[in-house]
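Here is a short walk through one protein chain. Keep the sequence and the 3D view side by side as you read.

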Amino acid sequence: MNDEFYRQILNKQQQTEAIPSNQEITTWALQVIRLMYPEQSKKVFISIGQLQDEFKKLQDELCHIMNLTKACNNCDNERLVESFFNELPELYRKLNTDIQAIFKGDPAARSEFEVIRTYPGFFAISFYRLAHGLFKNDVPLIPRILTEYAHSKTGIDIHPAADIDEYFYIDHGTGVVIGETSKIGKHVKLYQGVTLGALSVAKNMAYTKRHPTVEDNVVIYSGATILGGETVVGHDSVIGGNVWLTKSIEPHSTVYHSPLVKVLKKAK
């Protein structure tokens with residue numbers, strides 16, 4: 001290796017923005033989720049005072065993480081963190097609706113405890129809702145780190161900027177992709193392999209709506225691909241498996257893919 005290579009690496013080392021490790025950031029998020037959902041933890045609190053102290057500790061930890069994140073030198077981190085934690089009760093309420101949607105919608109779910117402890121859909125949604133709360137408070141970098149961690153664990157890729165309402169249910173989940181400007185209404189159910197994506201990935205479209213809108217009470221089955229910022233899936237619709245959709249559909253529609261399948265008998 002020559003000196004020029006070393007100089008390039010050294011320059012990059014000196015220019016890189018400081019940020020705590022991904023493990024430190026995701027550990028903080030796991031602690032928040034486990035505090036709200038002790039089903040995922042062995043730690044049990046016996047008084048409101050203890051809970052208040054633990055939430056304050058996590059609030060201070062987030063402030064510390066953000067102070068070390070130089071991507072936003074002019075941010076009022078204490079105000080941002082306080083605003084985020086003030087919104088936690090609403091975030092918790094929405095997560096509880098997601099648990100209900102999964103439990104009531106899946107005959108295989110034996111209890112809400114099972115949903116909270118084992119379902120990858122709930123794991124990914126809980127990280128998304130935390131990340132989205134931080135994103136709305138203009139916290140840089142950390143929201144994307146959180147959703148990419150959940151992506152690595154579950155195969156479910158939800159951009160933290162996506163706008164997802166309550167009673168959201170992802171069944172099985174592997175291969176689900178929900179793009180940055182997607183908007184999803186209430187009581188929406190997605191199966192594995194669903195993509196809510198963009199028709200174009202041109203960089204000049206970065207600040208435009210590129211991903212679909214899915215209205216209330218929609219079911220989208222496995223392998224469906226729905227693309228485009230102007231594409232609206234009307235409420236109470238069903239999108240069948242492997243559908244490719246780039247145009248809006250009216251409410252109460254059923255869209256399905258009709259493959260040509262032939263069954264041939266073997267000659268005796």
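**A loop, a helix pair and a core**

H187 sits in the loop that links strand 5 (183–184) to strand 6 (189–190). Bear in mind that this is a predicted model. The phi of H187 is near 55°, a positive value in a residue other than glycine. Most residues other than glycine have a negative phi. How accessible is H187? Its relative accessibility is 40%, so H187 counts as partly exposed.

N242 is not a glycine, yet its phi is positive, at about 65°. This residue belongs to the loop between strand 12 (238–239) and strand 13 (244–245). N242 counts as exposed, because its relative accessibility is 52% and the exposed class begins over 50%.

Now turn to the helices. Two packed helices are described by the angle between their axes and the distance between the axes. Take helix 2 (residues 22–36) and helix 3 (residues 48–68): their axes come within 11 Å and cross at roughly 160°. Helix 2 is therefore roughly antiparallel to helix 3, as angles over 145 degrees fall in that class. Their crossing is left-handed.

Which residues make the contact? Helix 2 supplies E24, I25, W28, Q31, V32, L35 and M36. Helix 3 supplies L51, E54, F55, L58, E61, L62, H64 and I65. By type, the contact of helix 2 with helix 3 has 10 nonpolar residues, two polar and three charged.

Pick out E54, in helix 3. Is E54 buried or exposed? E54 counts as buried, because its relative accessibility is 14% and the limit for buried is under 20%. Leaving out residues up to four places away in sequence, E54 touches L35, K43 and F45. Of these, L35 is also part of the helix 2 side of the contact.

Next comes the core. In soluble globular proteins, nonpolar side chains tend to be buried together. Here the largest nonpolar core has 67 residues. Those with the most contacts inside it are W28, F122, L146, F168, I178, I220 and I239. Elements that give two or more residues to this core include helix 2, helix 3, helix 8 (142–154) and strand 3 (169–170). The largest share, nine residues, comes from helix 7, which spans 120–136.

End at I220. Neighbours within four places in sequence aside, I220 is in contact with K189, L190, Y191, V194, L196, V214, I226 and I239. I220 and I239 are both among the core residues with the most contacts.

Conventions:
Residues are numbered from 1 along each chain as its sequence is written. This is a predicted model: local features need pLDDT of at least 70, side-chain atom pairs count only at pLDDT 80 or more; totals for chains, interfaces and linings use all residues. Side-chain values use heavy atoms; hydrogens and water are left out. Axes are lines fitted to C-alpha atoms, for helices over the stretch in contact, and angles run from 0 to 180 degrees between N-to-C directions. Helices (H or I, at least four residues) and strands (E, at least two) are DSSP runs, numbered from the N terminus. Angles under 35 degrees count as roughly parallel, over 145 as roughly antiparallel, 65 to 115 as roughly perpendicular and the rest as oblique. A crossing is left-handed if the near helix is turned anticlockwise from the far one by less than a right angle, and right-handed if clockwise. Contact means heavy atoms within 4.5 Å. Ala, Val, Leu, Ile, Met, Phe, Trp, Tyr, Cys and Pro count as nonpolar, Asp, Glu, Lys and Arg as charged, and the others, Gly among them, as polar. A nonpolar core is a set of buried Ala, Val, Leu, Ile, Met, Phe, Trp, Tyr and Cys residues joined through side-chain atoms within 4.5 Å. Buried means under 20% relative accessible area, exposed over 50%, partly exposed in between (1.4 Å probe, protein chains only).
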